[in-house]
Amino acid sequence: MGYRSADVALAVKRLQYRHHRALSRALAPLGLSLVQWDTLRHLHAQPDASLHDLAVLTFQTDQSFGTLAVRMAGRGLIERVPGPGRAVRHRLTGEGARLREAGQEVVDGVVATSFEPLSADQLDQLGALLDTVLGSEPQDLG
């Protein structure tokens, strides 16, 4: 068919947008936004992460993530604890861990449905191709 790079880039963006909308709807009954669940997921994998690290991982600015972290701490989903110097570290609470796990089940279902048209071999191929592209040097598209 002869895909152009720009067409593939747009298809990746459209798929990401579809996932974002579907995941936001599916996580809402748990009282979580997608960025909140993503924060819980990253904290599960990286306990004691800094605010800056979490901002980068969740595609937020430090300022916007700081606001989010304060709200999540207020809801009892994460703890903000002093780190070395002026650093603040973040940890999951029991409630945050529970909601992360429940959210993971929701996310797994949404994503599995999205990729259902692909065979296992096609899914592996797509994953390998994306790994290849993501392993290359990042390019400024703007």
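Predicted model: local features only at pLDDT ≥ 70, side-chain atom pairs only at ≥ 80, totals over all residues.
Reader: OK. How many salt bridges are there?

Author: The count comes to 4 salt bridges. A salt bridge here is a side-chain nitrogen of Lys or Arg within 4 Å of a carboxyl oxygen of Asp or Glu.

Reader: Which residue does Asp-48 pair with?

Author: Asp-48 forms a salt bridge with Arg-91, with the closest N and O atoms 2.4 Å apart. The pair links distant parts of the chain, 43 residues apart: Asp-48 is in the loop between α2 and β1, and Arg-91 is in strand β3. Helices (H or I, at least four residues) and strands (E, at least two) are DSSP runs numbered from the N terminus.

Reader: What about the phi of Asp-48?

Author: Phi of Asp-48 is near 70°, a positive value in a residue other than glycine. Phe-59 also has a positive phi, near 60°.

Reader: Where is Phe-59?

Author: Phe-59 sits in the loop between α3 (51-57) and α4 (62-74). Phe-59 is exposed, with a relative accessible area of 76%.

Reader: Back to salt bridges. Which residue does Arg-41 meet?

Author: Arg-41 meets Asp-38, at 2.5 Å from N to O. Both lie in helix α2, 3 residues apart, about one turn of the helix. Asp-38 is buried, with a relative accessible area of 11%, whereas Arg-41 is partly exposed at 34%.

Reader: And Glu-95, which residue does that one meet?

Author: The side chains of Glu-95 and Arg-98 meet in a salt bridge at 2.8 Å, N to O. They are 3 residues apart in helix α5, so about one helical turn separates them. Glu-95 is partly exposed at 33%, and Arg-98 is partly exposed at 46%.

Reader: How are α2 and α5 placed relative to each other?

Author: Their axes come within 9 Å and cross at roughly 110°. Axes are lines fitted to C-alpha atoms, over the stretch in contact for helices, and angles run from 0 to 180 degrees between N-to-C directions. The two helices are therefore roughly perpendicular, a label for 65 to 115 degrees; under 35 is roughly parallel, over 145 roughly antiparallel and the rest oblique.

Reader: New topic. Which residues make the nonpolar surface patch?

Author: Met-1, Tyr-3, Val-8, Val-12, Leu-130 and Leu-134 make a patch of about 720 Å². Patches take residues with over 30% relative accessible area and no salt bridge, joining like charges within 9 Å and nonpolar side chains (Val, Leu, Ile, Met, Phe, Trp, Tyr) within 5 Å. Accessible areas come from the Shrake-Rupley method with a 1.4 Å probe, and for residues only the protein chains shown count as cover.

Reader: Which helices supply at least two residues each?

Author: α1 (5-27) and α6 (120-134) do. Met-1 is in the segment before α1, and Met-1 is exposed at 88%.

Definitions and conventions: Residues numbered from 1 in each chain as written. Heavy atoms only, no water. Buried < 20%, exposed > 50% of the residue type's maximum accessible area, 1.4 Å probe, protein only.
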